[in-house]
Amino acid sequence: MTSLHGPTNPFPPPAYDRRPSTCPVTPRPKSGTVPDPDPNPPTSTSNSSSSSSSSSSSSTALTTTTTGERARSNSLGFRVRTQMKLVAANEEGREEKERKEGVNRKIASRKAISVILMREATKAVIEKKKGISSKRLLPRTVLEALHERITALRWESALTVFDLLREQLWYRPNTGVYIKLIVMLGKCKQPEKAHELFLAMIDEGCVVSREAFTALLSAYSRSGLFDEAFSLLEEMKSTRDCRPDVHTYSILIKSCLQLLAFDKVEMLLSDMACRGIKPNTVTYNTLIDAYGKAEK
């Protein structure tokens, strides 16, 4: 009988009967013995430690993040509280400012009413020609009343107001006021009154200027008092800082031309040339107009 496992057997043995010769066989440990530690531990242990480290790092990062967020939250809350305090302080300051402004408006309103009443009282005193005068009238009201009368050439009323002005406790002599009054009196043909004011101005210690002399000279010449006018002109020539200028000569020439005193005009022009004073446009226009009307 031929062997089934011989080389001539056409049927090979089944697969489960084959044993690979290259596969190592690990012997099983005997019961009651502890296996030796593996020199190369499995990777699962290292993974566990890595996971533990990662968890620890994550926990630390989370704790840091939470602390930072808490700090930012506290800082934000502090800023909000500070802003609210500033808003409240600004609101209180605004209310206090409005309160003060309201008080100031009330005070200003009361003062305005008081000023109006005092001005009306001053006007009433001024209008009373024989009334009881007051020495505490408002300066602005008195000066306005005086200016109105000077502009309107109401010389009598203007002198009355000026006397009232001189009685006030706050009155101080002023050369400009005197000059305006003297010019007004010259236009109103009141040379004697103008001369009285001129002397009163000197008595009160006012500085006598060229303008004051010229105003009085104009008052004389407008009324045809050429002797007094020329006498005053000679006095001006000998007074320091009051020597006549082209304005003084032009006023005197105009007055002479209005009264057809041509001989005096020629004398004044000759005097101007000797003193080196050149006529201006006003002088020439006055001469042309006057000689044109006189057909000379």
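**Salt bridges between helices**

Q: What is the relative accessible area of Arg 166?
A: This is a predicted model in which local features need pLDDT of at least 70 and side-chain atom pairs count only at pLDDT 80 or more, while totals for chains, interfaces and linings use all residues. Residues are numbered from 1 along each chain as its sequence is written, and side-chain values use heavy atoms, with hydrogens and water left out. Buried means under 20% relative accessible area, exposed over 50% and partly exposed in between (1.4 Å probe, protein chains only). Arg 166 is therefore classed as partly exposed, its relative accessible area being 33%.

Q: Which residue forms a salt bridge with Arg 166?
A: A salt bridge is a side-chain nitrogen of Lys or Arg within 4 Å of a carboxyl oxygen of Asp or Glu. The closest N and O atoms of the pair are 3.0 Å apart, and the partner of Arg 166 is Glu 204.

Q: How many residues apart in sequence are the parts tied together by Lys 237 and Asp 271?
A: Lys 237 and Asp 271 form a salt bridge with closest N and O atoms 2.6 Å apart. Helices are DSSP runs (H or I, at least four residues), numbered from the N terminus. Because Lys 237 lies in helix α7 (residues 226-237) and Asp 271 in helix α9 (residues 262-274), the parts they tie together are separated in sequence by 34 residues.

Notes: Helix = DSSP H or I, 4+ residues; strand = E, 2+ residues; numbered from the N terminus.
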